[in-house]
Protein chains: 2
Amino acid sequence: MNGRVMAAEMAQQPGTLRTLLARRSEIVDAVRAIIPQELAGITLVARGSSDHAAIYGRYLLEMTAQRPAALVAPSIHTLYRAPVDHHGYLAVAISQSGRTPEIVTVLGRLREQGARTVAIVNGAGTPLADVADVTIDLRVGPELAVPATKTFIGTLAVLGLVAEATGDVPWQWSDLAAIPDQIGALLADSESAAAVARSLDGGDRVLTVGRGILLVAALETALKIRETSAILAEGVSSADLRHGPIAAVGKGFPVLAFTSDGPSGADMAALVTELRMRGALVRRIGPTESAELSLPGGVPEPLLPLLATVRGQQVAAATAARRQLDPDRPEGLTKVTLTS
Amino acid sequence: MNGRVMAAEMAQQPGTLRTLLARRSEIVDAVRAIIPQELAGITLVARGSSDHAAIYGRYLLEMTAQRPAALVAPSIHTLYRAPVDHHGYLAVAISQSGRTPEIVTVLGRLREQGARTVAIVNGAGTPLADVADVTIDLRVGPELAVPATKTFIGTLAVLGLVAEATGDVPWQWSDLAAIPDQIGALLADSESAAAVARSLDGGDRVLTVGRGILLVAALETALKIRETSAILAEGVSSADLRHGPIAAVGKGFPVLAFTSDGPSGADMAALVTELRMRGALVRRIGPTESAELSLPGGVPEPLLPLLATVRGQQVAAATAARRQLDPDRPEGLTKVTLTS
């Protein structure tokens, strides 16, 4: 059956996340031990789905470490081979396979140039672990469907623990500990996701929009829809949307908006109104009661991407099912990409 | 006549650039004087078209300063108001109007938190200058068309001078000094751009692709096409394309590829072959003889985005002309965006 593997892996998320969070002190202590005393900044290294996890880590780590955090531009190291002094930097690489050559090369280069290095992988004995001072193995089991689901959500949770190692996190431990059950409840409700997928599936494109840290959910959901459904889905921040692409949003244009009851909520609500005035077909994923796809209320906004992305996975899987495509093995995509 | 203003501003680029480069030592010296002695990193602050200039600055400054450089996530400061220590950082903000409230707020916050600040603007007495240690006024004259052209290219050139202030640039001065004449020669040849616009204009979408620092030209060209022609154009790096979106590229899909005779050339040539095997309709902008839109050969790759982006402007203007749209005043867009 099409999508059987992806569905099974999505369903494993509450359990794998619970096991991961049980390793909290082991992970926090290991990372804390290697953070440079005078932290100059934080660099994240990733591609593809992991790239979106890295954007999450970037927001979070900058807020907790209170020093600038950003994603590396891999080609500066692989293509131009520029020497860039990384003394004082913590570098965090994310690669579920742990063997994307580009990621291994870049993390190795950053370490040679002075960075302390962390690798987030899924599996033991990966080449990425060889260039890491600390390796965090997600241990969520093999991920066989091409669209990353349990490794992605697991990585966000690990980044939450890495953030805890660098400073004060913007949530209570009980908030993070509640996420596995909350994801379980979302997964039990697949009908509303199917309804949203049906209403948005009118053409060959869709726009996903988020603000602040919820941009992560928008980007990841767009990628999932592209991967599973051969739709040209684009993820964008509300701020960037207003700076240009909004001109291409006309009557009936399908938009998936990630709303919040936290700091980004007001801006997104205003954008949704604006998009509807332009005639766009907007569906919302968020903790507000009127949202077409609901999230639990009262979750600190920095944790909301974990829940919102699961909703995005549901929409992507339902869109593929409607189109009778197999999200487990999308045409033209393979699991490990060999960018060098 | 539609597009008259944009065409006039594009035509001014060789002249405005020549005047700007004549201020080389004044600009280089001013920036050099404020660079922190122990440089921890570089932060770029921008939105929209300026965002793409900032990405150019990011590649360039990381290569010359040999310390990590990256774009700020504005919402960390505006939405979450996180305290982020910026001691040891050089912050470079880009805003042609110099009055986008978000950019002014963020640069001010970075300065309060220890950064040395540079503002790149077009015009005197802007609010952004009030929070900058050094202000560089492009002085390219008012830009009236909504799509930024002469301010964008001017900003890239200024970033080249800022890079010179931080270390050794990857070109000879004569290479940069030659750019205005080379842009003049490109602008004199608008027919090949019109032909490329005609061949790509088959639907409501187009993909622009670049690798390394030429990603800047791909992103900026996609934005110009979106702004002028209401086409859902998306700019992407060849590495990211292989990680997912390539699944959506099928027979006849229009792609504009930025090729090079420098470090990114081999990878882009391989990608073009791959895309054509998928049946995509690929047109190339590059210094190779076979490219449908030519660039001069022998230009150091870090300077190529200045020339490649002018080609992108030509394609965007020609596409709007074909569709009888007015690129000077695209529907739904205004010049200054008030993201707060």
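Because the model is predicted, local features need pLDDT of at least 70 and side-chain atom pairs count only at pLDDT 80 or more, while totals for chains, interfaces and linings use all residues. Residues are numbered from 1 along each chain as its sequence is written, chains are lettered from A and ligands numbered from 1 in written order, and side-chain values use heavy atoms, leaving out hydrogens and water.

**How the two chains pair**

Let us begin with the pair itself. The same surface serves both copies, since 100% of the contact residues of chain A recur in chain B; contact here means heavy atoms within 4.5 Å.

The contact takes 62 residues from chain A and 62 residues from chain B. Between them the chains bury about 5400 Å², 57% of it on carbon and sulfur atoms; buried area is the accessible area (1.4 Å probe) that two parts lose on being put together, summed over both. Tyr80(A), Leu232(A) and His243(A) supply 14% of the area that chain A buries against chain B, more than any other three residues.

Elements that give two or more residues to the side of chain A that touches chain B include helix H4 (49-65), helix H10 (215-229) and strand S7 (232-237) of chain A. Helices (H or I, at least four residues) and strands (E, at least two) are DSSP runs, numbered from the N terminus.

**The nonpolar cores**

The largest nonpolar core has 85 residues, and Tyr56(A) and Tyr59(A) have the most contacts inside it. Helix H7 (residues 150-166) of chain A gives the most to this core, with 10 residues. A nonpolar core is a set of buried Ala, Val, Leu, Ile, Met, Phe, Trp, Tyr and Cys residues joined through side-chain atoms within 4.5 Å. Buried means under 20% relative accessible area, exposed over 50%, and partly exposed in between (1.4 Å probe, protein chains only).

Leaving aside neighbours within four places in sequence, Tyr59(A) contacts residues of both chains, among them Gly212(A), Leu215(A), Ala73(B) and Tyr80(B).

**A buried asparagine**

Asn122(A) sits in the loop between strand S4 (116-121) and strand S5 (134-137) of chain A, and its relative accessibility of 14% is why it counts as buried. A polar atom of the Asn122(A) side chain lies 3.1 Å from the backbone nitrogen of Val140(A), and one lies 2.9 Å from the backbone oxygen of Gly141(A).

**Salt bridges**

Over all chains, the whole structure holds 40 salt bridges. Four of them are set out here.

| Salt bridge | N to O distance |
|---|---|
| Arg47(A) and Asp240(B) | 3.0 Å |
| Glu274(A) and Arg242(A) | 3.3 Å |
| Arg311(B) and Asp189(B) | 2.8 Å |
| Glu292(B) and Arg276(B) | 3.6 Å |

Glu274(A) lies in helix H12 (residues 265-277) and Arg242(A) in helix H11 of chain A, so this pair ties together parts that are 32 residues apart in sequence. Glu274(A) is partly exposed at 32%, whereas Arg242(A) is buried at 19%.

In the pair of Arg311(B) and Asp189(B), the parts tied together are 122 residues apart in sequence. Arg311(B) is buried, at 1% relative accessibility, while Asp189(B) is partly exposed at 26%.

Most residues other than glycine have a negative phi. Gln66(A) is not a glycine, yet has a positive phi of about 60 degrees. Gln66(A) is placed in the loop between H4 and S2 of chain A and, at 35% relative accessibility, counts as partly exposed.

Notes:
A salt bridge is a side-chain nitrogen of Lys or Arg within 4 Å of a carboxyl oxygen of Asp or Glu. A polar contact is a pair of N or O atoms within 3.5 Å; within protein, one must be able to donate a hydrogen and the other to accept it, and residues adjacent in sequence count only if both atoms are side-chain atoms.
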